[in-house]
Amino acid sequence: YGESIMLGLYIREKIKCELYRFLTRITPRVQTPMQQVFFQLQYKGYWNSGSDKKALEMFGMFGLWHTRDYIKQVGQIDFFEIDEKIIHYAKKALKEKVNFYCADSIKYIGETKKKYDLVVADTPYCFTDGFDPNTGIPPFMKDMLCTMSSGGVIIMNLHTEYLHMHHDIYSQIKNMTEREIKDLFYVIRNSMITYVVVVMGK
């Protein structure tokens, strides 16, 4: 995209985001989908926030939405976005705790030895052929599992249609690793997207 188009996209997303946050603040008991995810994780005893927590944001975009919802839960975020122009604007939204990388996060998780307590894959591929229609699972799922620390959490979005087609997502993910999958649950994001939350065992 050109600079003027990118700026227009950023402003549009920022206005939408701030309006949504305003509505959640003035409406009792209303939470964003990511806030709902962490409410469930803490209620189930799977998550304690802390400065020692390391997070990986795989598809960062502008950093205006869900990243701002969980940034207080962790001490550090490795934020990946493949478009340098977008990172320029993301730095305006996320001013602390964030290491920015203009790189391919899918390639990164296939090579890194670093372990994370939280991996967020809010991926645009859920609308494309990037997801295997035979399983509904992202092709980089196995690499995500390898990057997780003990008790870590993966939060990824899946097209809701896939969830209707493939009911046993848990077994499909479990078959990809010898590690324990402690729990898996869903949080509805909107009519088209559902967050799938995978909790690793010790």
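Alanine 55 stands opposite isoleucine 77 in strand β2. This is a predicted model, in which local features need pLDDT of at least 70 and side-chain atom pairs count only at pLDDT 80 or more, while totals for chains, interfaces and linings use all residues. Residues are numbered from 1 along each chain as its sequence is written, and side-chain values use heavy atoms, with hydrogens and water left out.

**Strands**

Strand β1 covers residues 54–57, and strand β2 covers residues 76–80. The two run parallel and are joined by four bridges. Strands pair here if DSSP finds at least two bridges between them. Strands (E, at least two residues) and helices (H or I, at least four) are DSSP runs, numbered from the N terminus. β1 also pairs with strand β4 (residues 116–121), in the parallel sense, over three bridges. In this pairing, leucine 56 stands opposite valine 119 of β4. In a regular strand the side chains alternate between the two faces of the sheet.

**Helices**

Helix α2 spans residues 33–43. Its buried residues are Pro33, Met34, Val37, Phe38 and Leu41. Seen down the axis of α2, they fall within an arc of 140°, so they line one face of the helix. The arc is that of the directions from the helix axis to the C-beta atoms. Buried means under 20% relative accessible area, exposed means over 50%, and partly exposed lies in between (1.4 Å probe, protein chains only). An α-helix has 3.6 residues a turn, so residues three or four places apart point the same way. Glycine 45 follows α2, and its phi is positive, near 80°.

Leucine 19 belongs to helix α1 (residues 3–26). Together with Phe22 and Ile26, Leu19 makes a nonpolar surface patch of about 300 Å². Patch residues have over 30% relative accessible area and no salt bridge; nonpolar side chains (Val, Leu, Ile, Met, Phe, Trp, Tyr) are joined within 5 Å, like charges within 9 Å. Accessible areas come from the Shrake-Rupley method with a 1.4 Å probe; for residues, only the protein chains shown count as cover.

**Salt bridges**

How many salt bridges does the structure hold? There are two. Each is a side-chain nitrogen of Lys or Arg within 4 Å of a carboxyl oxygen of Asp or Glu.

| Pair | N to O distance |
|---|---|
| Lysine 44 and aspartate 183 | 3.9 Å |
| Lysine 114 and aspartate 78 | 2.8 Å |

Lysine 44 and aspartate 183 meet through their side chains. Lysine 44 lies in the loop between α2 and β1, and aspartate 183 in strand β6 (residues 181–188), so the pair ties together parts that are 139 residues apart in sequence. Lysine 44 is partly exposed at 37%; aspartate 183 is buried at 17%.

Lysine 114 and aspartate 78 also meet through their side chains. This pair links distant parts of the chain, 36 residues apart: lysine 114 is in the loop between α5 (105–111) and β4, aspartate 78 in strand β2. Lysine 114 is partly exposed at 27%, and aspartate 78 is buried at 2%.

**Two buried residues**

Aspartate 122 sits in the loop between β4 and α6 (141–146). Its relative accessible area is 13%, so aspartate 122 is buried. Aspartate 122 touches Phe59, His66, Asn157, Arg189 and Tyr195, not counting residues up to four places away in sequence. Contact means heavy atoms within 4.5 Å. Aspartate 122 and glycine 60 are 62 residues apart in sequence and 7.9 Å apart in space, C-alpha to C-alpha.

Serine 149 is in strand β5 (residues 148–159). Serine 149 is buried too, at 15% relative accessible area. Not counting residues up to four places away in sequence, serine 149 touches Lys115, Tyr116, Asp117, Arg179 and Met200.
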